[in-house]
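Here is the note that was asked for, written as numbered points to be read beside the model.

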Amino acid sequence: MAFLEAIDKDLIKVPMTAKNSREAIEELVSLYASHNGLSPAEEDSIVSLIMDRESLGSTAMENGIAIPHAKIKGLKKAAVMIGVSRLPIDFGGEKPSTIFFLVLAPEENPADHIQILSSIAKICSSTLFTRMLSSAKTREDVYQLFFD
């Protein structure tokens with residue numbers, strides 16, 4: 001699955017309200033869970049998987065971007081939640097993050113996971129693009145950056 005195929009306008013949050021990395025993850029997972037009708041237990045399980053991954057090493061990148069991610073057993077298709085925070089959040093990188101791409105991918109198809117992470121890294125290597133993304137005011141603004 002290509003990165004753009006995993007983007008859904010309903011899975012974009014602008015602005016985020018989180019104040020720390022765990023809250024940022026919870027906020028984006030909650031968005032996914034409510035959109036997909038997941039139970040609180042399923043939501044908690046996804047948060048735990050992502051936090052376990054974060055404990056191995058921060059997923060913060062350059063340009064104030066963080067890409068928390070997890071492979072989920074039984075997931076039908078990959079999903080990307082995008083969040084833009086007005087307040088910088090310490091995500092363990094050299095500088096705080098304001099742009100978040102939370103990636104959930106099927107455990108059974110690791111190629112999707114790698115392809116999406118690679119695409120995000122490539123797109124976000126553009127300082128101009130990340131500036132435009134961080135200044136987005138609405139989810140529609142973010143969505144248009146990828147599809148216009």
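**Notes on the predicted model**

1. The backbone oxygen of Leu 87 lies 2.6 Å from a polar atom of the Ser 85 side chain, where a polar contact is a pair of N or O atoms within 3.5 Å, and within protein one must be able to donate a hydrogen and the other to accept it, while residues adjacent in sequence count only if both atoms are side-chain atoms. This is a predicted model, in which local features need pLDDT of at least 70 and side-chain atom pairs count only at pLDDT 80 or more, whereas totals for chains, interfaces and linings use all residues. Residues are numbered from 1 along each chain as its sequence is written, and side-chain values use heavy atoms, with hydrogens and water left out.

2. Ser 85 sits in strand S4, residues 79-89; helices (H or I, at least four residues) and strands (E, at least two) are DSSP runs numbered from the N terminus. Ser 85 counts as buried because its relative accessibility is 3%, the classes being buried under 20% relative accessible area, exposed over 50% and partly exposed in between, with a 1.4 Å probe and protein chains only. Leaving aside neighbours within four places in sequence, Ser 85 is in contact (heavy atoms within 4.5 Å) with Met 16, Ala 18, Thr 98 and Phe 100.

3. Met 16, found in strand S1, is also a buried residue, with a relative accessible area of 6%. Apart from neighbours within four places in sequence, the contacts of Met 16 include Ala 24, Glu 27, Leu 28 and Ser 85.

4. Which residues touch the most other members of the largest nonpolar core? They are Phe 101, Val 142 and Phe 146, in a core of 24 residues, a nonpolar core being a set of buried Ala, Val, Leu, Ile, Met, Phe, Trp, Tyr and Cys residues joined through side-chain atoms within 4.5 Å. Two or more residues of this core come from each of strand S1 (7-16), S4, strand S5 (97-106), helix H3 (110-123), helix H4 (127-134) and helix H5 (139-147). S5 gives the largest share, four residues. Apart from this core lies another, of 23 residues, among them Leu 11, Ile 25, Leu 28 and Ala 70.

5. Beyond four places in sequence, Val 142 is in contact with Ile 12, Val 14, Ile 82, Val 84, Leu 133 and Ala 136. Met 132, in helix H4, is 10 residues from Val 142 in sequence and 8.6 Å away in space, C-alpha to C-alpha. Since its relative accessibility is 39%, Met 132 counts as partly exposed.

6. Asn 63 lies in the loop between helix H2 (40-56) and strand S2 (65-66), and its phi is near 65°, a positive value in a residue other than glycine. Most residues other than glycine have a negative phi, and most peptide bonds are trans. Asn 63 counts as partly exposed because its relative accessibility is 27%.
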